[in-house]
Amino acid sequence: MNNVLYALLRRLRLPLITMILVYSVSILGFVLIPGVDDQGNAYRMDFFHAFYFVSFMGSTIGFGEIPYAFTDGQRMWTLFTIYATVIAWLYGIGTILALIQEPVFGRMLRRRSFVRKVQGITEPFYLVCGYGVTGEIIVNKLGQRGIRSVVIDINESKIDSLEISGNLPFEVPGLCADASLPDVLDDAGLQHDKCVGVLALTNVDQVNLSVAIASKLLRPERIVISRTESDTTTANLLSFGTDLVVDPFRVYAEYLSLAAHAPYTHLVYDWLVNPYHRPLSSAYKKTKGRWIICGYGRFGSALYREFNEEHVELTVVDSNPEMDAGLPYMVRGKGTEALTLSEARVEDAVGIIAGTNNDADNLSIIMTAREMNKNLVTVVRQNVHANKLVFKNSKADFIMEPGQIIANRVLAHLKSPLLPVFIEQMQAYDDVWAHTLLNRMNSVTQEEELDSWSVRVDEENSPALIEMLNSGVDVNLGVLLKDPRDRTQSLSAFPLMLHTDDIYDILPGELDVLKPGDEILFCGKSKSLRRMEWTMNNFNTLHYLLTGNEPTGNLLSRILNRQ
Amino acid sequence: MNKEKVIFAFFIVLALTLNFGFFLGEIDNPEHHNVFEFFAAIVVSLICTALKFGDRTHLGALMMATSLVADLQLVVAALIWGYAEQVSGVGMTPSNMSSVVSLSGGALLANIISVILLMVETIMVRR
């Protein structure tokens, strides 16, 4: 049975016993006290009438003295019992009201309805622990793809904002609780059959760690993605098979270093993972040369490592006097003053990265630096999400916001496991290749968001394709790219990679013949995905695309066609 | 000695003894069955039920169930008694009396089970 009922009953034990005692004593009193009937004879009230009288008196209805007018002795007892029963009622009702108003009781009720909602989910869903900036973006994006999620956050206001946000097509169950507790995770569907992945996105590494461990212990094959902010936690998470560990500082450092040494490859990456992609023209800016990093904290040191690997020349600016002076080109100071910046020779640098943990300082750094050198590439770190408006108008070339970065990285992984593979493989190609690819992407999407997805040739995901292949017809990749409404038109998409028998074929040709078990990564406008699904699932559509004719199943047309 | 346990056991045993006292005697003879004893049996049985509220153990659930059975039997018996005395207009007949007493006999059985469960619980806790 459920907790709520038990709590209610346990609290009501004493008020109920009080009520029973008061009623029984009152009834007994009326039965024992002698009365006088309308003819003046002595009589004793029986239990039936005594119970009737006490019942309406106790509930203050008061039908009067029945069956006969009372004697003074009976009235004295009535006086006593009126107060006794009223007090007993007040006590009972007061206890119930107090219980209902208790926050604990409300939490229990909410927890119950949450558990019921989670158990009622019949579609695959993701369990999202932590509904901050990252969690919110991910839940929304998944929702737009029709994928459900369940949210846990320790902060009540976050759960409230989830409940009032109306931009999702379905309800997302949310619970305010500590995600590191196994029973909370269990209630949120950790053992649910339809839970396809667990995302540990809280800002406490320990909580993420315990969520990841709990999930990997219960179901080793299920996807677990965790964010982290320290290298020790990263190593720990990877040690037991966490599928993806996202360290925002490291991810952004890699991203920036790519921007510094291969601007077009960087843009391809950016377009694939970032919903608001940067314009093509931004790659024309000069990024090869000396960079300045202000603030050598977690972000600064991750950047330093990445840039060093790519042999980019660096100058570090930091005000911390305890900083290890072993770094080359170290300048002491905050970077907000022109003096420090000119000491760091901002005039002949190509870029400056304002990476301190203070938003106002960061903005001040890039504004001062830009005044000293107009052509500087500026990168600014945004620590507080609420400062979004100011940063948007800061005209910085790159804004680094940890929440958004983690969300992009996680979504890239969730969209298709092939996408990270593609991103890794494409780095082997040169910038010219990337430029061509970029032009192709641009012609497909124009100003819209570039989406990416993968399709699988198997019975479950593409029954029509399998049926066609089984009937001995060769289907090539290009068929999937035709518009199912008009085969002369093409969908706004193109294949990025074909995965067949452990071979990853980058940018496959449209004439490649599909085999069962193949997996193809596409990019393009997101509406093309729905049309493509149509082709893969509907045999008639596929037949039309291949031959230009509607397949005709009925007898009459078969006879007619034969002639 | 645990005061709560004493009170709990006291009421459960009292419910049984009162019920047994009322049940004794010829089944259809109103002279043998005291109405005050019946009233006391109902009140104590109700108190027992309230005392058993909120126990989440399996044994607690069983005891709660036996108590509810006893309440149900006694309340129905009280309804029959009230109907016979007040509503029927002929007063208490031997057939009505025998149904009241047989219903209380049923409640007696439920109370016996309740006491047995209480003993089981006591024996299980060897402290």
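Student: In what order do the elements of chain B run from the N terminus on?

Tutor: From the N terminus on, the elements of chain B follow the order α-α-α-α. Chain B thus has four helices and zero strands; helices (H or I, at least four residues) and strands (E, at least two) are DSSP runs, numbered from the N terminus. The model is predicted, and local features need pLDDT of at least 70, side-chain atom pairs count only at pLDDT 80 or more, while totals for chains, interfaces and linings use all residues. Residues are numbered from 1 along each chain as its sequence is written, and chains are lettered from A and ligands numbered from 1 in the order in which they are written.

Chain B holds 127 residues, of which 35% are buried; a residue is buried if 20 or more other C-beta atoms, placed from the backbone, lie within 10 Å of its own, exposed if 12 or fewer, and partly exposed in between. Of the contacts in chain B between residues at least 6 apart in sequence, 69% join residues at least 24 apart; a contact requires C-beta atoms, placed from the backbone, within 7 Å.

Within chain B, consider the pair formed by helix H2 (residues 35-51) and helix H3 (residues 58-87). Their axes lie 9 Å apart and the helices pack at an angle of about 150°, where axes are lines fitted to C-alpha atoms over the stretch in contact and angles run from 0 to 180 degrees between N-to-C directions. H2(B) and H3(B) are therefore roughly antiparallel to each other; angles under 35 degrees count as roughly parallel, over 145 as roughly antiparallel, 65 to 115 as roughly perpendicular and the rest as oblique. The crossing of this pair is left-handed; the near helix is then turned anticlockwise from the far one by less than a right angle, and clockwise in a right-handed crossing.

The side of H2(B) in this contact comprises B:Ala41, B:Ile42, B:Ser45, B:Leu46, B:Cys48 and B:Thr49, which meet B:Ser67, B:Leu68, B:Ala70, B:Asp71, B:Leu74 and B:Ala78 in H3(B). Eight residues of the contact are nonpolar, three are polar and one is charged; Ala, Val, Leu, Ile, Met, Phe, Trp, Tyr, Cys and Pro count as nonpolar, Asp, Glu, Lys and Arg as charged, and the others, Gly among them, as polar.

Chain B also touches its partner. In that interface, 13 residues of chain A are in contact with 13 residues of chain B. On the side of chain A, helix H1 (3-32) and helix H2 (47-58) are the elements that give two or more residues. The largest share, 10 residues, comes from H1(A). The residues of chain A that touch chain B divide into nine nonpolar, one polar and three charged.

Chain A has 23 helices and 20 strands, and 37% of its 563 residues count as buried. In chain A, 66% of the contacts with a separation of 6 or more involve residues 24 or more positions apart.

The loop between H2 and helix H3 (72-101) of chain A contains A:Pro67, and the peptide bond from A:Ile66 to A:Pro67 is cis, with omega near -5°. A:Thr60 lies in the loop between H2 and H3 of chain A as well. Phi of A:Thr60 is near 55°, a positive value in a residue other than glycine, and A:Thr60 counts as exposed because it has 10 C-beta neighbours inside 10 Å.

The axes of H10(A) and helix H12 (residues 298-309) come within 8 Å and cross at roughly 40°, which makes H10(A) oblique to H12(A). The crossing of H10(A) and H12(A) is right-handed. Among the residues of H10(A) in this contact are A:Phe249, A:Arg250 and A:Ala253, while those of H12(A) include A:Phe299, A:Ala302 and A:Leu303. The contact of H10(A) with H12(A) divides into eight nonpolar, one polar and four charged residues. A:Arg250, placed in helix H10 (residues 248-261), counts as buried because it has 22 C-beta neighbours inside 10 Å. The C-alpha atoms of A:Arg250 and A:Asp231, 19 residues apart along the chain, are separated by 9.7 Å.

Definitions and conventions: Contact = placed C-beta atoms within 7 Å.
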